[in-house]
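User: Hi! I am new to protein structures and would like to go through one step by step. Could you take my questions in turn?

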Amino acid sequence: AEFRHDPAKMPPLAARLAVFPEVHDAYEPMMRLTVPGSESVEDYFRRMLLLARELPRRHPDQTVALFSHAASVALVAALTESAVCAAGTFAPCGIYSLATEDGGATWQLESTGDTNQPHVTRNSPTTYAWGFQHSRTAALME
């Protein structure tokens, strides 16, 4: 869910495997970016809406773990059908838990990722829980 992702800046698989050997080389992404260059804020939100629709279709009746960064509160907002600023903040190594009991038609927030205190003993002083309300693009989302 990289925000303003630019596929051209992604290192090739061999370079990524040298740094992150746990990367699964047969991984097939659910979506492929078709926007050349860095995607716009609007395109990012469109992609999160599409992912919210595709997730239950691709993984019906399964538990799915997603690893991402703070901008993924946009996916939380898309799944819970809430405003992106209302989705809150995502702490470094924060963990959100969502559940659905109707095949992905509706999602319930079980716990937020606005803190990492239960599992992180020390944070860098330069990182913090972030949400779109901290973004220059917040005015676009009102």
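This is a predicted model: local features need pLDDT of at least 70, side-chain atom pairs count only at pLDDT 80 or more; totals for chains, interfaces and linings use all residues.

User: Where does L66 lie?

Analyst: Residues are numbered from 1 along each chain as its sequence is written, and side-chain values use heavy atoms, leaving out hydrogens and water. Helices (DSSP runs of H or I, at least four residues) and strands (runs of E, at least two) are numbered from the N terminus. On that numbering, L66 belongs to the loop between α2 and α3.

User: Is L66 buried or exposed?

Analyst: Buried means under 20% relative accessible area, exposed means over 50%, and partly exposed is in between (1.4 Å probe, protein chains only). L66 has 51% relative accessibility, so this residue counts as exposed.

User: Which residues does L66 touch, not counting residues up to four places away in sequence?

Analyst: Contact means heavy atoms within 4.5 Å. Not counting residues up to four places away, L66 touches L55 and L75.

User: Is S72 buried or exposed?

Analyst: S72 is found in the loop between α2 (41-58) and α3 (73-80). Its relative accessible area is 7%, so S72 is buried.

User: Which residue's side chain makes a polar contact with the side chain of S72?

Analyst: A polar contact is a pair of N or O atoms within 3.5 Å; within protein, one must be able to donate a hydrogen and the other to accept it, and residues adjacent in sequence count only if both atoms are side-chain atoms. Here the distance is 2.5 Å, and the partner of S72 is S68.

User: How many of the eight residues of α3 are buried?

Analyst: The buried residues of α3 are V73, A74, L75, V76, A77, A78 and L79. They pack against α2, β1 (97-99) and β2 (108-111). The helix α3 is largely enclosed by the rest of the structure because its buried residues number seven.

User: Which residues is A78 in contact with, leaving aside its neighbours within four places in sequence?

Analyst: A78 lies in helix α3 and is buried, with a relative accessible area of 16%. Leaving aside neighbours within four places, the contacts of A78 are M48, L49 and A52.

User: How are α2 and α3 oriented to each other?

Analyst: Their axes are 9 Å apart, and the helices pack at an angle of about 50°. Axes are lines fitted to C-alpha atoms, for helices over the stretch in contact, and angles run from 0 to 180 degrees between N-to-C directions. Angles under 35 degrees count as roughly parallel, over 145 as roughly antiparallel, 65 to 115 as roughly perpendicular and the rest as oblique. α2 and α3 are therefore oblique.

User: How many disulfides does the structure hold?

Analyst: A disulfide is a pair of cysteine sulfur atoms within 2.5 Å. Of the cysteines, C85 counts as partly exposed because its relative accessibility is 27%, and C93 counts as exposed at 57%. The number of disulfides is zero.

User: In what order do the elements of the protein chain run from the N terminus on?

Analyst: The protein chain has three helices and two strands. Buried residues make up 32% of its 142 residues. From the N terminus on, the order is α-α-α-β-β.
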